[in-house]
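Reader: Can you walk me through this one? I'm new to reading structures.
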Amino acid sequence: MNQRKDTYRAALQRGPEAATPRAVKVTQLHTRYVRVTIELDPALPRELTRWVGSPVSAILRAGAAVLRPLRSTP
């Protein structure tokens, strides 16, 4: 609980100058009836890799563990 309080107080003391806005890639699609603007964060691939990497590696390790005894039997 104290760590959470300290983190919150530190964030309040930093102020807005510490938070720099990320560069955003903007793609626009215009048709006769629809106008769509898509904004992509350039850090999305890195965050997606970090989020998906652990479960995928766990599945690969489990698959390897299952296949290991099957390969060793004649």
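**The nonpolar patch and its surroundings**

Author: Start with helix α2. With 6 residues, α2 gives the most to the nonpolar patch. Keep in mind that this is a predicted model.

Reader: Which residues form the nonpolar patch?

Author: They are I38, L40, L44, L48, W51, V52, V56 and L60. Together they have about 770 Å² of accessible area on the surface.

Reader: Which elements each supply at least two residues of it?

Author: β2 and α2 do.

Reader: And where is V56 found?

Author: V56 sits in helix α2.

Reader: Why would residues like that point the same way?

Author: An α-helix has 3.6 residues a turn, so residues three or four places apart point the same way.

Reader: OK, what about the helix itself? How many residues does α2 have?

Author: α2 has 29 residues, numbered 44-72. From first C-alpha to last, α2 reaches 41 Å. That is close to the 42 Å expected at 1.5 Å a residue.

Reader: Where in α2 does the kink lie?

Author: At G53, shortly before the proline P55. The kink is about 35°.

Reader: New topic: strands. In which sense do β1 and β2 pair?

Author: Antiparallel, over 6 bridges. β1 covers residues 25-30 and β2 covers residues 35-40. The two form a hairpin, with 4 residues between them.

Reader: What is the bridge partner of K25 in β2?

Author: L40. For Q28, the bridge partner in β2 is T37.

Reader: Last one. Which element has the highest mean pLDDT?

Author: Helix α2, at 82. Helix α1, residues 2-14, has the lowest, at 76. The protein averages 77, and 85% of the residues score at least 70.

Terms used:
Residues numbered from 1 in each chain as written. Predicted model: local features only at pLDDT ≥ 70, side-chain atom pairs only at ≥ 80, totals over all residues. Heavy atoms only, no water. Pairing = 2+ DSSP bridges. pLDDT = per-residue confidence, 0-100. Expected span 1.5 Å × (residues − 1). Bend = angle between axes of the 7 residues up to and from the residue. Patch = residues over 30% accessible without salt bridge, like charges linked within 9 Å, V, L, I, M, F, W, Y side chains within 5 Å. Areas by Shrake-Rupley, 256 points an atom, 1.4 Å probe, with all protein chains shown as cover. Salt bridge = Lys/Arg side-chain N within 4 Å of Asp/Glu carboxyl O.
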